[in-house]
Amino acid sequence: MKTSTVILGDRAAIMPHGDIDHDELPSLRAASDTLPGDVLFLTWDFEDVPFLGVAGLHLLSEQRVIAGHQGRTLTVRGLRTQHRRLISVAAEIYPAMGWDALLAC
């Protein structure tokens, strides 16, 4: 999987290109881990992600926790119908995890 990262001042966007499964998680985590400390706003852009599986939920859950610890604002954009359906199901099953907030992005 190819991943593009764009950094403009205190804003960064990470754009995976391809399906997200468990095999892709290490490289996606690395893309986030290597961001400069002065990035305050991080966007995960899933526009070029045809399929988002449970691994994507794990990634987003981890990224929300990390962003909170680093004082970053995390947003998600480019959610496709399949992505939204998966997140909606997660929100129904685990309402306390705040998945609905990602659907508002």
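Mentor: The cover over the buried residues of H2 includes H1, S3, S4, H3 and H4. Helices (H or I, at least four residues) and strands (E, at least two) are DSSP runs, numbered from the N terminus. Buried means under 20% relative accessible area, exposed over 50%, and partly exposed in between, with a 1.4 Å probe and protein chains only. Contact, here and below, means heavy atoms within 4.5 Å. The model is predicted: local features need pLDDT of at least 70, side-chain atom pairs count only at pLDDT 80 or more, and totals for chains, interfaces and linings use all residues. Residues are numbered from 1 along each chain as its sequence is written, and side-chain values use heavy atoms, with hydrogens and water left out.

The residues of H2 that are buried are Ala55, Gly56, Leu57, Leu59, Leu60, Gln63 and Ala67. The helix has 17 residues, which at 1.5 Å a residue should span 24 Å; its end C-alpha atoms are 24 Å apart, so the two values agree. The expected span is 1.5 Å times one less than the number of residues. After H2 comes Gly71, which has a positive phi, near 70°.

With a relative accessible area of 10%, Gly53 is buried. Leaving out residues up to four places away in sequence, Gly53 touches Ile20 and Leu86. From Gly53 to Ala67 there are 14 residues in sequence and 21 Å in space, C-alpha to C-alpha.

Take H1 next. The axes of helix H1 (residues 25–33) and H2 come within 11 Å and cross at roughly 25°, which makes H1 roughly parallel to H2. Axes are lines fitted to C-alpha atoms, for helices over the stretch in contact, and angles run from 0 to 180 degrees between N-to-C directions. Angles under 35 degrees count as roughly parallel, over 145 as roughly antiparallel, 65 to 115 as roughly perpendicular and the rest as oblique. The crossing of H1 past H2 is right-handed; a crossing has that hand if the near helix is turned clockwise from the far one by less than a right angle, and is left-handed if anticlockwise. On the H1 side the meeting residues are Leu25, Leu28, Arg29 and Ser32, and on the H2 side Ala55, Leu59, Glu62 and Gln63.

Within H1, Leu25, Leu28, Ala31 and Ser32 are buried. Seen down the axis of H1, they fall within an arc of 125°, so they line one face of the helix. The arc is that of the directions from the helix axis to the C-beta atoms. Pro26 and Asp33, on the other side of H1, are exposed. The cover over the buried residues of H1 includes strand S1 (2–8), strand S2 (11–17), S3 and H2.

H3 is another neighbour. The axes of H2 and H3 come within 10 Å and cross at roughly 70°, which makes H2 roughly perpendicular to H3. Val54, Leu57 and Leu60 of H2 make the contact with Leu86, Ile87 and Ala90 of H3. H2 passes H3 in a right-handed crossing.

In H3 itself, His83, Leu86, Ile87, Ala90 and Ala91 are buried. They cover an arc of only 140° around the axis, which puts them on the same side of H3. Thr81, Glu92 and Ile93 are exposed on the other side of H3. The packing partners of the buried H3 residues are helix H2 (54–70) and helix H4 (100–103). H3 (residues 81–93) has 13 residues and should span 18 Å at 1.5 Å a residue; its end C-alpha atoms are 18 Å apart, which agrees.

Leu79 has its place in the loop between strand S4 (73–77) and H3. Its relative accessibility is 12%, so Leu79 counts as buried. Not counting residues up to four places away in sequence, Leu79 touches Phe46, Arg84, Ile87 and Leu102. Leu79 and Cys105 are 26 residues apart in sequence, with their C-alpha atoms 8.6 Å apart in space.
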